[in-house]
Each structure stands twice: as structure tokens, then as C-alpha cells.
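Work through the exercises below with the sequence and the 3D view open. Each task is followed by a stepwise solution.

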Amino acid sequence: MADEKKYTTVSIPKPLYDKIKKRIEGTGFTSVSDYVTYVLREVLASLEEEEKEEVFTEEEEEKVKERLRALGYLD
Amino acid sequence: MVSKPHGGKLVRRLVAERTRERILSEQKEYPSVKIDHGRAIDLENIAHGVYSPLKGFLTSDDFQSVLDHMRLSDDTPWTIPIVLDVMEKTFDEGDAVLLYYEDIPIARMHVEEIYTYDKREFAQKVFKTTDPNHPGVAKVYSMGEYLVGGEIELLNEVPNPFAKYTLRPVETRILFKERGWKTIVAFQTRNVPHLGHEYVQKAALTFVDGLFINPVLGKKKKGDYRDEVIIKAYEVLFEHYYPKNAATLATVRYEMRYAGPREAIHHAIMRKNFGATHFIVGRDHAGVGDYYGPYEAWDMFDNFPDLGITPMFIREAFYCRKCGGMVNAKICPHPEEFHVRISGTKLRKMIMAGEQPPEYMMRPEVYEVIRSFEKPFVE
Ligand SMILES: [Zn+2]
């Protein structure tokens, strides 16, 4: 019952659905929904991967570098 | 470029110095809760972003979602419930409480929710067994009746005899950047290195810029190597056998759950937060006894196309007398009779008997380090 809230329905073209259904035969995927979820997660993750990396303030970075030098991690 | 933190942003739950002083001066006004060492280091890991995106202990929604789907309720991969248990309700939802480890106030917690849970369900879903002989299951069965969810702020570090080796994600990220490493493979360990480990690490390092050896320090079982022995053994190995600019060593404190496949994902997530782009998944990773298949953890990674760190599956290494070196089952064509398996248990027995292992099992320098300790093992 809690699961009801966890899923929603999206529409995809029927021919695409049939194509996926055929494609997942004999794989570990038990349903088209599982496969579509898998693909979407993968695509979203790879898009996020390209976004800018986190930056530290210069001051903070300098403090960290000092500690790393003191500990012998950096020359 | 190093990995993005899990969930997108590195969590830091430290309070400004003035706020900290104020909280500590008012500590008598807060309800106090005693926590054990494992929970205290969980707090530290939350506060320093090792567990990003967690900002505190799980609330019931996230807890149930982790049990059922191996994901937080917002769909972020998360396999191990990070929870705080209490025996009785001595405070209410909405309260701010102080969490104490051995009389040190470690953190302030904003109690969002207090809830009950089913220990057998917890055990079955996370450990795939309800057998109380499993150390992780035994731990769950010994937990309090309620779980407390809510965000935390760190007030004090948990005493740490190895503070100088314990780097935080913000530090490793800057370290990797300074070294010019764009791809980094992390290795999880709780042991002194033997040639099998060295082979696996160097095989992985062949494909990336840097190797990040990240021993887990924490609760030990009788017969385990002491933390300082593991550190010293790696130091001497680095000195003699590892390229200076391609490998580094730093420790993390963490209490093993022995949840096998699920914990392998958790270990990968922690290393992603440290900035690693790749993670070595071993044979029977984070397993105990024979609750999990030797390569079951490898399959688990199929469920997480969005994990954001690449697992490296490198088969267990052994010495082949015919090949004349360290190999693995995939690359050696010779029958079993030529193979010498390097087991940690076998090495430990030899060392305890005062017998030096052959050089193809353990570097002599490493053996010397172990021998230099009067008591290298936990008693
Ligand atoms: Zn061979």
C-alpha cells in the first residue's frame, strides 16, 4: 500500500513499448517499467556527471593544503 | 575530474565556533542521549560528508525505502540504513537533543521523528538472513526499540588516536586535485597487505591516475590486526614498492556491518564522496561466514546504473608456480595443483607461529613491521 505512492504512470508510444518488450526477453529485466527506470536513471546520472564540479573557497582550500603539507601528503 | 559527491553536494554539518560555544554553555538545557562508538563515528561521517547526502539519521520514510528499494525516498542509491536507536522515549519529536559519547557531547540533533521498526525485517532485507550468529544481525537484535530520525550538527570530534591519517572528503578532494589525478581508484581494507592485495591494487592502478588505499579503522574482532599495524605495514609497502606520485594512504573510521553485497555499494558510495572515480570490489566483499556468494557483490552493481562511481571487478589473485608470478583465474591456464592461494588466515597463523611467509605471499618488509610489534593482534 505504501508502494502505491511510490510509482506513477508515464506514457510511451506503443511500438516503442513492444520493441523494449522484445529487447528484454531473456535478460534480468522482468518488466518494461524496470528497464525504462534503469535507462532513465543511467541517462540522468550521466547528464549530472557533466555538470560543474564543486568548488571550495580559496581560503578554505589554502587551509586544507596547509594541513596536507604538515601531514606529509603534499610537498 | 574527481567524482561529484553522492547526491550532488558534499554535506558539511559543522557549526560555527561561536554557535558551538553557545550550545556547549547551554548543554544542561538539552535532553541528553548516550550513544555507542559506532553511532559516534557515524555522526562524524555524516558531518564530514562521508555519508553525503545524509544530513542526519534516517527518518521512517527513508528507512523503509532503503530496506525495500535500496534507495532513499528521493531515489538516490543508498543500501545501508544509518539509524540511531534508543531504548526508551526520553524526549519528543521537535526537540533538540545532545548526543554524548563517553561524556563528550558529540552532536546536537533535531529530532524530526521517533518511530518503531521490525528487527527481523531489518535483518532479512539488509543481511539476507535472520540468523543471530551473523554479527550484523546480532547487532540489530541488540538495538533499542525506537529509531530517531533527524538532522545533526557536529560539536566535537570523537577521540581518534590516528587523527593524522584520517582525512575528510574535503581534504582528499583537494589532495587529488593538487596531485593532478583525474581518475582515482579506491581500495577498501581491514587487513595488512599481502601480495594478493598488491596485485589487485596495481592491476587497477594500471588504468587510472591514482590509487587511494583507504583502510577502515573501527571495532575489531579478536585476532584482527591492530590498526597501527595495518597503517605501518602500508607505509613500508608504499616506501619500497609503490610509485610515489600515484598512490596515497588515508584512513576512515567506520563500523563494519558485514552486509556483503549491500555493504559493497555503501563502501563505494563512501569512496565516491572522498572523490574516487573507481572502486575495487573484492571477492566476498564485506561478507562474513558463508552468507553471501563469493561474487554476489559484483552482481549488485547492476542495480545501480546511476551510482556515479565505476566498480572494478578484479578477480582474486594467487601465485602460480607454472606462470612464475601472481595471476588470477582469468589469465592463468594451469591446473589447480600449480596454484598457491594466499589467504589472510593462513598468513596470520604463520606469523603467530613466528614463521616468515615466502616472499611471493608477503613482502619481507611488511613481515618485519608486523614482527616489530609486541602484540600485532587484537586480544
Ligand atoms: Zn599459471
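Helices here are DSSP runs of H or I with at least four residues, numbered from the N terminus. The model is predicted.

**Exercise 1. A bridge within a helix**

Solution: 
- Step 1. Check the contact. The cut-off is 4 Å.
- Step 2. Judge the burial. Buried means under 20% relative accessible area. K65(A) has 12%, so it is buried. E62(A) has 37% and is partly exposed.
- Step 3. Widen the view. A network of salt bridges links E61(A), E62(A), K65(A), R69(A), K177(B) and E178(B).

**Exercise 2. Two bridges in chain B**

Task: For D103(B) with K34(B), and for D36(B) with K139(B), work out which parts of the chain are linked.

Solution: 
- Step 1. Take D103(B) and K34(B). Their closest N and O atoms are 3.5 Å apart in a salt bridge. D103(B) sits in the loop between β4 (96-101) and β5 (104-110), while K34(B) belongs to strand β1 (residues 32-34), so the bridge ties together parts 69 residues apart in sequence.
- Step 2. Check exposure. D103(B) is exposed at 60%. K34(B) is exposed too, at 67%.
- Step 3. Take D36(B) and K139(B). This salt bridge has an N to O distance of 2.9 Å. D36(B) lies in the loop between β1 and α2 (37-47), and K139(B) in helix α5 (residues 135-141); the two are 103 residues apart.
- Step 4. D36(B) is partly exposed at 33%. K139(B) is partly exposed at 24%.
- Step 5. The whole structure holds 37 salt bridges over all chains.

**Exercise 3. The neighbours of β5(B)**

Task: Describe how β5(B) pairs with β4(B) and with β7 of chain B.

Solution: 
- Step 1. Start with β4(B). It runs antiparallel to β5(B), joined by six bridges. One pair is A96(B) with H110(B).
- Step 2. Look at the turn. β4(B) and β5(B) make a hairpin with two residues between them, and E102(B) in the turn has a positive phi of about 45°.
- Step 3. Move to β7 (residues 146-154). Three bridges pair this strand with β5(B), again in the antiparallel sense. M109(B) has I152(B) as its bridge partner.
- Step 4. Check the cover. Five of the seven residues of β5(B) are buried.

Terms used
Residues numbered from 1 in each chain as written. Chains lettered and ligands numbered in written order. Predicted model: local features only at pLDDT ≥ 70, side-chain atom pairs only at ≥ 80, totals over all residues. Heavy atoms only, no water. Salt bridge = Lys/Arg side-chain N within 4 Å of Asp/Glu carboxyl O. Buried < 20%, exposed > 50% of the residue type's maximum accessible area, 1.4 Å probe, protein only. Pairing = 2+ DSSP bridges.
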